[in-house]
Amino acid sequence: MEDDAPVIYGLEFQIHIIDFDDENNIINKNVLLHQVGEIWHISASPADKGVLATCYNKPSDSKVLTCAAVWRMPKELEPGSHESPDDSSSPAHTLELLCHLDDTAHGSVACVVWEPTGDGRRVISLADSHILLWDLQESSSQAVLAGSASLEGKGQLKFTSGRWSPHHTCTQVATANDTTIRGWDTRSMSQIYCIENAHGQLVRDLDFNPNKQYYLASCGDDCKVKFWDTRNVTEPVKTLEEHSHWVWSVRYNHSHDQLVLTGSSDSRVILSNMVSISSEPFGHLVDDDDLSDQEERRPEEKSQEPPQDSVIATYEEHEDSVYAVDWSSADPWLFASLSYDGRLVINRVPRALKYHILL
């Protein structure tokens, strides 16, 4: 693992960069000023540790629009710079504006999604009923609109979230609007699949399985988490009903895709073991040491145990709605959750499960 595991999150007109020193169990915080408006969504470039995008409120005439921009943080604060001044004494820093992703003709921006691999030059923004593909040029100082598509149908259709698939040479994006999930081909900006009534209420978040190219997770206001095979979207492959209120966030572990995190307005974070639909469905379910009282069993009987999906742990350190959960990019066993009251909690996968997976 690297010396620190950075976490970036927005708080009103500020962005907080959290460095977690795992070896010494120390947290350092640095503050970046985001003076253009209140932040509603934030996403970091997977290619450049110092670049991020924000969606923020901006008053316009008699209404408030949500705009988007790409920024660079000061060099000394980039993850891995090993310069983490004490948060009680260090002053707030200022972000450098690289470019805007605004086109007011398309409306308010719900989120910005980066291409998972590559040089960090392609992003997608979801603005009201429009999906916009941008090409960032001149060191991200200019955003050129490379393609677009729009939702068609009755009523005021608006995107709520989106996720770029790391598979299919990064040519597919999934989006959510109301209760519907759609897949798009970024080469033609055309729809390739549609899951109507994917959830009973609003779909809040999506995530692709990093190891199984057709598998997609979704969550929503019906308190459910669903797993889909995008080749056959008639029914979900699996459904979880462990939360008692809206589920705001779902995330696959980057390395071990049987580990799935969810965060909800019930103030809980749930870590689930979805081994039956993972890339290793017949993995190490039981440690040899745990079978000491069953030595008489034949080896073939041990290996034929069916995979068991289960809730590994429920975390209740939050006192308010959990809006976001995510895994560390530096340590596959480390994850963070963020609630409405601004509380950030860092947790680890239980050690016993870690060894079950590794051994």
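A: In this predicted model, Asp229 and Arg231 are joined through their side chains by a salt bridge, with an N to O distance of 2.8 Å. Asp229 counts as buried because its relative accessibility is 12%, under the 20% limit. Arg231 has a relative accessible area of 56% and is exposed. Side chains of opposite charge can pair when their charged atoms come close. The pair is one of 14 salt bridges in the structure.

Another of these contacts is made by the side chains of Lys238 and Asp309, at 3.1 Å from N to O. This pair links distant parts of the chain, 71 residues apart. Lys238 belongs to strand E20 (residues 238–240), while Asp309 sits in the loop between helix H1 (299–303) and strand E24 (310–315). Lys238 is partly exposed, at 31% relative accessibility. Asp309 is also partly exposed, with a relative accessible area of 24%.

Arg343 and Glu319 form a further salt bridge, in which the closest N and O atoms are 3.9 Å apart; the cut-off for a salt bridge is 4 Å. Arg343 lies in the loop between E26 and E27, and Glu319 in the loop between E24 and E25, so the contact ties together parts that are 24 residues apart in sequence. Arg343 is partly exposed, with 31% relative accessible area, whereas Glu319 is exposed at 64%.

Strand E26 (residues 334–339) is paired with E27 over 5 bridges in the antiparallel sense. Within E27, Ile346 stands opposite Ala336.

Another open sheet has 4 strands in the order E13-E14-E15-E16, again with antiparallel pairing. Strand E13 (161–164) and strand E16 (190–195) stand at its edges; each has a single partner strand, so one side of each is left without a neighbour in the sheet. Neighbouring strands here are turned by 20° against each other on average, direction ignored. Strand E15 (residues 180–185) is joined to E16 by 5 bridges, and the two run antiparallel. Arg182 has Cys194 in E16 as its bridge partner.

A nonpolar surface patch of about 300 Å² is made by Tyr355, Leu358 and Leu359. Leu359 is found in the segment after helix H2 (351–358) and is exposed, with a relative accessible area of 57%.

For the protein as a whole, there are 2 helices and 27 strands. Of its 359 residues, 48% count as buried. Among contacts with a separation of 6 or more, 48% are between residues 24 or more positions apart. The accessible surface comes to about 17,300 Å², and carbon and sulfur atoms account for 44% of that area.

Technical notes:
Residues are numbered from 1 along each chain as its sequence is written. This is a predicted model: local features need pLDDT of at least 70, side-chain atom pairs count only at pLDDT 80 or more; totals for chains, interfaces and linings use all residues. Side-chain values use heavy atoms; hydrogens and water are left out. Patches are made of residues with over 30% relative accessible area and no salt bridge: like charges are joined within 9 Å, nonpolar side chains (Val, Leu, Ile, Met, Phe, Trp, Tyr) within 5 Å. Accessible areas come from the Shrake-Rupley method with a 1.4 Å probe; for residues, only the protein chains shown count as cover. Buried means under 20% relative accessible area, exposed over 50%, partly exposed in between (1.4 Å probe, protein chains only). Two strands pair if DSSP finds at least two bridges between them. Axes are lines fitted to C-alpha atoms, for helices over the stretch in contact, and angles run from 0 to 180 degrees between N-to-C directions. Contact means heavy atoms within 4.5 Å.
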